[in-house]
Amino acid sequence: MIGDNVETTQCQLKDPMDLFNSGQLVKICAPMVRYSKLAFRTLVRKYSCDLCYTPMIVAADFVRSAKARDSEFTTNKGDHPVIVQFAAKEAQVLCDAASIVCPFADGIDLNCGCPQRWAMTEGYGACLINKPELVQDMVKHVRNQINNTRFSVSIKIRIHEDLKRTIDLCRKAEAAGVSWITVHGRSVEERHQPVHYDAIKTIKQSLSIPVVANGDIKTLKDAENVHHLTGADGIMVARGLLANPAMFAGYEETPLKCIQDWVDIALEHGTPFTCFHHHLMYMMERITSKQEKRVFNVLSSTSAVLDYLSDHYGV
């Protein structure tokens, strides 16, 4: 589960709430399946990302299986602050998972926003927005059982068609002691429709805890605009960071230095080839021609990719 070079103890971890209390916009890397792992978190931290999430982990599997723990959560002493996101539907299972990661992470997040059919069929993700009492109970249990007061407990949600229901959910979570709430400004049914930033603004105005805005943010300018539109305390980005891991540092497209950094970090971490290659495909999307993509995207080994980058970009 944990990298060999972890020498971290709870008292040394940075409190994510310090970020929210700083008065500055908190820039956050979203939980992304397969992609927001340690190597990528290491990269975006070099480019002004303040807070990183792990990919979503199914809490029950994590608690039950040492193999799942080893494969799902890897960290090191530079990987802070980091939030471990769990899919859970039972309070005690979430508590058990939180207890395992507590010495190595800065907080946990309960996924109440994943719209994928498998997750909702299992009782995880976005179906939880229709079970506010269960969400409240899960937050309360973790709060009561984790005795580290600096360990955060947050939730990530989607919105209801009737926003009053979302505000009710958020207020129940706030009463249970949730640290902050991330709002993806779409309903469960919406995929590519415009994000309802007005809804995020209303939610922010209804709560006294920090609110993070999420959805369709692709540049630092977008992040600043959404911050002004919604009053959100933080901005969470997924695809925008995949396409440009340096976006929070103000780059309009991925700089070559960032590509070089990714190569160095990925090789150092022993990143599997498919993941290493996919990240480069995303990063180079805006800076390569169709013809170059046709060649680069079908390369099938690390050495072939390194040769290509060296020949074409001097990386």
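Mentor: D261 and K257 both sit in helix 12 (residues 256-269), 4 residues apart, about one turn of the helix. Their side chains meet in a salt bridge (2.8 Å, N to O); the term means a side-chain nitrogen of Lys or Arg within 4 Å of a carboxyl oxygen of Asp or Glu. Helices (H or I, at least four residues) and strands (E, at least two) are DSSP runs, numbered from the N terminus. This is a predicted model: local features need pLDDT of at least 70, side-chain atom pairs count only at pLDDT 80 or more, and totals for chains, interfaces and linings use all residues. Residues are numbered from 1 along each chain as its sequence is written, and side-chain values use heavy atoms, with hydrogens and water left out.

Trainee: Is D261 buried or exposed? And K257?
Mentor: D261 is buried at 6% relative accessibility, while K257 is exposed at 52%. Buried means under 20% relative accessible area, exposed over 50%, partly exposed in between (1.4 Å probe, protein chains only).

Trainee: How many salt bridges does the rule count?
Mentor: The count comes to 12. One of them joins R239 and D216 at 3.7 Å, N to O. R239 lies in helix 11 and D216 in the loop between strand 8 (211-214) and helix 10 (220-230), so this pair ties together parts 23 residues apart in sequence.

Trainee: New topic: which domains is the protein divided into?
Mentor: Domain 1 (16-249) and domain 2 (256-313), with bounds from an automatic or database domain assignment.

Trainee: How many salt bridges cross their interface?
Mentor: The rule finds 0 between domain 1 and domain 2.
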